[in-house]
Amino acid sequence: MKRPKIEFVTTEEAETADVMVCLPWTIPPILPDNQRAKCGVCGNIVQHRPNVPKRPMRVCVDCAPSVIRPQ
Ligand SMILES: [Zn+2]
């Protein structure tokens, strides 16, 4: 199996990403200041750090395989 290429980018470059994979919302959140968002595919509530890129669609780990395609 060919491993996908992992590319490291700046915060500004990350704003151009299509999706951001997030963990499901938990009570309490994994870190106390994590923020809530909605998965853009299934609508489940997810969590992310406050400083993540604002533009990319939030996607839960369960939906990620359906929107991330190998290049
Ligand atoms: Zn989802």
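Colleague: In which sense do β1 and β4 pair?
Modeller: Strand β1, residues 19–24, and strand β4, residues 57–60, pair in the parallel sense over 4 bridges. Strands here are DSSP runs of E with at least two residues, helices are runs of H or I with at least four residues, and both are numbered from the N terminus. Two strands pair if DSSP finds at least two bridges between them.

Colleague: Which residue of β4 is the bridge partner of Val-19?
Modeller: The partner of Val-19 in β4 is Met-57.

Colleague: Before going further, where does the model come from, and how are residues numbered?
Modeller: This is a predicted model, in which local features need pLDDT of at least 70 and side-chain atom pairs count only at pLDDT 80 or more, while totals for chains, interfaces and linings use all residues. Residues are numbered from 1 along each chain as its sequence is written.

Colleague: And β1 with β3, parallel or antiparallel?
Modeller: Strand β1 and strand β3, residues 45–48, pair in the antiparallel sense over 2 bridges. In that pairing, Leu-23 stands opposite Gln-47 in β3.

Colleague: How many bridges join β2 to β3?
Modeller: There are 4 bridges between β2 and β3, and these strands run antiparallel. Gln-35 stands opposite His-48 in β3.

Colleague: What is the strand order in the sheet, then?
Modeller: The sheet is open, has 4 strands in the order β2-β3-β1-β4, and shows mixed pairing. Its edge strands are β2 (35–38) and β4, each of which pairs on one side only. The twist averages 55° from one strand to the next, with axes fitted as lines to C-alpha atoms and angles running from 0 to 180 degrees between N-to-C directions.

Colleague: Changing topic, which residues form the largest nonpolar core?
Modeller: That core has 6 residues: Cys-22, Cys-39, Val-46, Val-59, Cys-60 and Cys-63. A nonpolar core is a set of buried Ala, Val, Leu, Ile, Met, Phe, Trp, Tyr and Cys residues joined through C-beta atoms within 7 Å. Buried means that 20 or more other C-beta atoms lie within 10 Å of the residue's own, with C-beta atoms placed from the backbone. Of the 71 residues of the protein, 11% count as buried.

Colleague: What does Cys-22 touch?
Modeller: Leaving out residues up to four places away in sequence, Cys-22 touches Ala-37, Val-46, Gln-47, His-48, Arg-58, Val-59 and Cys-60. Contact requires C-beta atoms, placed from the backbone, within 7 Å.

Note on methods: A residue is buried if 20 or more other C-beta atoms lie within 10 Å of its own, exposed if 12 or fewer, and partly exposed in between; C-beta atoms are placed from the backbone. Two residues are in contact if their C-beta atoms, placed from the backbone, lie within 7 Å.
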